[in-house]
Structure formats: C-alpha cells, structure tokens
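Let's take a friendly walk through this structure, one contact at a time. Have the 3D view open as you read.

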Amino acid sequence: MKLLSSVIALGISLCASLCCSEPEDNFPETLNIENNSIISIENNQTEFPLNSTIYINTTIENQQTLVNGNTIVLSNFDYGEINQSHYNTALSLYKITDFGTVVKIPLLPENIEILEGDIILNNDEGSQDISFISYYNGMQYKSKIGIQLQEAGSYFIASSQLYNNENYCYLNGGDFNINYIQIKSKIIESNLEGKYLFTVTP
C-alpha cells in the first residue's frame, strides 16, 4: 500500500511539474548591429552663421551586418512597408556655456525643418531630446532634419543619453512579431565621446 501511495504521489508531482510550468516569454529576440556610417551632419560643417540651419542626415542601408558577422536585410524584419516601416533614435542639441558647463537646448516645432522622415519632440524637464524617425523608401531608411541655430556659441549634437555614460546613439526598429533590431552608431566626424562639435558665429 505504501508503495502504491508513493507511485501515485510521484505521478501527481510529475504531472504538476509538466502541466503547471511557468509560461515562456514571447518577446522576440533583439538582433544587434554596429555601424558608424549612418548619421551625418551635412557637409561635415563645423561653423555656422547665426540663424542658419544645421542638417542631420540619417541613412540606413537595407542590407546590414550583425555583430556576429551574419548579413541581414532589414526590411525582412518589419514587412518593408514604404513610408511606414521605420527606425528611430533620440538626439539632443547641447550648448557649452561660458562657464564650461553643458546644457541641453529645448527646441520648438518652429525651429525644426523636416525635409525627409519625421520627428517627435520631447521637451520634458531634463530631456529636451528629438526622436528622429527614418522611414523606409524601398531601398533605405532615411531622414533629413534641420535645426535653426538662433544663438551664438559652442555646441554639439549627441545621443540624448550622453550623460548616462552612453557615447553611442541607438537606432531601433524591427517588428514585435518577427525580431527587434538595434543599431549602435556614432555621428560621423564626432569625437571619442560621441559629440559632434560646432560653433555658431554672430
């Protein structure tokens, strides 16, 4: 009888462990890319007259190489919908004050020129970042955004997360039902800290 009871108890225990196991997470895998030739300042310009415009170009080629060396086609991971599929990254405009401190410059829609792609402005206290949205055009993911420079001084453009010890920009895309894609990048001609330095002259 004791043997029979032990067998029954073991059977119930095995059934419980099989039937009541924790559900698996259904989050898609994130595929990682590093490519420092995506974000650029037009003509690599570093000196601007007051009230001129600095243009930030984002061009993501459809074929990319993962950090593991495998080649992928980005549009295979977001259905390749023209003017719908997109990548986004958050950048900020920073000013170096006369005291050597750095402040983020809040921007208004009237200070922004959208030639390609789109933006989302976030002017919450402590944020002041711009989400650059680069749409798929059938061959590439692209955006071209201008910022009017309304005050003389020393500036730089960099990741919005710069002071969270993050010198890189991250461009995010893909689809929940397939895979997320994250591209690690720096602005072309930026310094080792990921800052694209420039000046605005009176």
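## A salt bridge to start with

Lysine 195 and glutamate 193 form a salt bridge, with their closest N and O atoms 3.1 Å apart. Please keep in mind that this is a predicted model. Glutamate 193 is partly exposed, at 41%.

## The other salt bridges

How many salt bridges does a search of the whole structure find? The search gives 3. Another one of them joins the side chains of lysine 144 and glutamate 42, at 2.7 Å from N to O. Lysine 144 sits in strand S12 and glutamate 42 in the loop between strand S2 (39-41) and strand S3 (47-49), so this pair ties together parts that are 102 residues apart in sequence. Both ends are partly exposed: lysine 144 has a relative accessible area of 21%, and glutamate 42 has a relative accessibility of 27%.

Lysine 95 also takes part in a salt bridge, this time with glutamate 151, and here the closest N and O atoms are 2.4 Å apart. This pair links distant parts of the chain, 56 residues apart: lysine 95 belongs to strand S7, while glutamate 151 lies in the loop between S12 and strand S13 (153-159). Lysine 95 is buried, with a relative accessible area of 14%, whereas glutamate 151 is partly exposed at 46%.

Now turn to strand S11, which spans residues 129-136. How many of its 8 residues are buried? The count is 7, so the strand is mostly covered, given that buried means under 20% relative accessible area.

Strand S7 (residues 86-96), the strand that holds lysine 95, runs antiparallel to S11 and is joined to S11 by 6 bridges. If you want a spot to look at, find threonine 89, which stands opposite phenylalanine 132 in S11. Strand S10 (residues 118-122) is also paired with S11 in the antiparallel sense, over 5 bridges. There, leucine 121 has isoleucine 130 of S11 as its bridge partner.

## The hairpin with S12

S11 also pairs with strand S12 (residues 140-148), again antiparallel, through 2 bridges. Tyrosine 135 stands opposite lysine 142 in S12. Together S11 and S12 make a hairpin with 3 residues between them. In the turn, glycine 138 has a positive phi of about 105°.

Technical notes:
Residues are numbered from 1 along each chain as its sequence is written. This is a predicted model: local features need pLDDT of at least 70, side-chain atom pairs count only at pLDDT 80 or more; totals for chains, interfaces and linings use all residues. Side-chain values use heavy atoms; hydrogens and water are left out. Buried means under 20% relative accessible area, exposed over 50%, partly exposed in between (1.4 Å probe, protein chains only). Helices (H or I, at least four residues) and strands (E, at least two) are DSSP runs, numbered from the N terminus. Two strands pair if DSSP finds at least two bridges between them. A salt bridge is a side-chain nitrogen of Lys or Arg within 4 Å of a carboxyl oxygen of Asp or Glu.
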